[in-house]
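This report describes one protein model for a reader who is new to structural analysis. Please keep the sequence and the structure in view while reading.

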Amino acid sequence: MSDEGVGPVAFTRQEYAARMDRAARDASVAGLTGLLVTPGPDLVRLCGYRPAAVTERLTLLVLAHDEEPHLLVPALERPDAAAAPGAGAVRISAWQDGQDPYAVAAGLLMPHGRYGISDDAWALHLLGLEEALPLTTYRALTIALPMLRAVKDEQEVARLAAAGAAADAVYEEILAVPFAGRREIDVAADLARLLLLHGHGQVDFAVVGSGPHGADPQHAAGERVIEDGDMVVLDFGGLKDGYASDLSRTVHVGPPTDEERTVHEIVRTAQQAAFEAVRPGVPCQEIDRVARAVIADAGYGDRILHRTGHGIGITTLEPPYLVAGEEQPLVPGMCFSIEPGIYLTGRFGVRIADIVTCTQEGARRLNVTSREMAVVT
């Protein structure tokens, strides 16, 4: 794990090669000829390449079992591709302006192939490939290989842990910030500033839901002035060294009522029970069931408004999802949030979220700051 101010351990050529090899093998097991990866999170994770600008020019990573990974790029972008940290693990070729890039790409594919393709591939590019190879078929990667990025290697977990530690530090500092008499957007700005101060290069969200706004899980931050006696839901995160943080805590402005303490304790208990249920082989939906059971048994089952968690990595939201119907078993290296909540419409809400990784022994928290209710001023 990296400390603040110290860069993370760089991913090696071997690590990128292992990721691409695993992806190609998983594609083969899923009945696919291979994978076609366009600019976006999958390309960054698999070979470390993030084009400076995503344009109409075709960029395509082709992965197939027992074949050398091949990255096709526009000629003018070849130097950037060659400088990517995972470039040594792929064969790079380029197409020139004036050439038909789809004809060039066709030479890398099987005429009757069945390929998984990035969800964020441009329709222009998919249609071009279909025209060049009309007998090929394609499936979205999240459908064909929903767990493509779900299992993290040791260095990825270390980066997520560093991002989690930074988020913990932000929470500890925000507790000293005045809440009462300030707008939600003012506290949200403090959260964003602190995330950047603690090493985040990108702030994805800084939610501040005070009083009745806390009962809306989709509320971000608004002009409402926070009042003494408010419960305040804080939910914030972003990217640090390319990997995401996502932390939720619920604080109270001044002394809470007995009911508010009770509801907060129910959510904390549900979160802890879900954490303790994490172990290899347990279906994702079981973690959701455990958290819901605690809340339902306490009489608030109809006040649960969202799934218990989601995967996290180089994006804040990705598989696996801890939700009813998701039978995917947990695997060591999976990283995800556990974030149950209770939402009392028009009154207040409570949510507590930590990032957790599944290990051979069970679960490990990547957020360790207190989950007890904090009282702020």
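H200 is found in the loop that connects α8 (184-197) with β7 (202-210); helices (H or I, at least four residues) and strands (E, at least two) are DSSP runs, numbered from the N terminus. The model is a predicted one, in which local features need pLDDT of at least 70 and side-chain atom pairs count only at pLDDT 80 or more, while totals for chains, interfaces and linings use all residues. Residues are numbered from 1 along each chain as its sequence is written, and side-chain values use heavy atoms, with hydrogens and water left out.

Is H200 buried or exposed? H200 counts as buried because its relative accessible area is 4%, where buried means under 20% relative accessible area, exposed over 50% and partly exposed in between (1.4 Å probe, protein chains only). Although H200 and K240 are 40 residues apart along the chain, their C-alpha atoms are separated by 4.2 Å. Contact means heavy atoms within 4.5 Å. With neighbours within four places in sequence left aside, the contacts of H200 include K240, G238, L239 and S245, as well as A163, A166, A167 and L195.

Most residues other than glycine have a negative phi, and most peptide bonds are trans.

| Residue | Phi | Loop |
|---|---|---|
| D241 | about 50° | between β8 (231-240) and β9 (243-244) |

D66 counts as exposed because its relative accessibility is 71%, whereas D241, at 30% relative accessibility, counts as partly exposed. A further backbone feature is the cis peptide bond from P319 to P320, with omega near 5°. P320 belongs to strand β12 (residues 318-322).

The interior may be considered next. A nonpolar core is a set of buried Ala, Val, Leu, Ile, Met, Phe, Trp, Tyr and Cys residues joined through side-chain atoms within 4.5 Å. The largest such core has 33 residues, and those with the most contacts inside it are I287, L330, F336, I338 and I342. Two or more residues each are given to this core by α9 (258-277), α10 (284-297), β13 (335-338), β14 (341-344), β15 (348-351) and β16 (354-358). The greatest share comes from α9, with seven residues. Beyond its neighbours within four places in sequence, L330 is in contact with residues including V278, P280, V282, I287, F336 and C358. A second, separate core of 25 residues includes A24, L61, A87 and I92.

Finally, the protein may be viewed as a whole. The protein has 10 helices and 18 strands, and its C-alpha trace spans about 70 × 40 × 35 Å along the principal axes. Buried residues make up 54% of the 377 residues. Among contacts between residues at least 6 apart in sequence, 66% join residues at least 24 apart.
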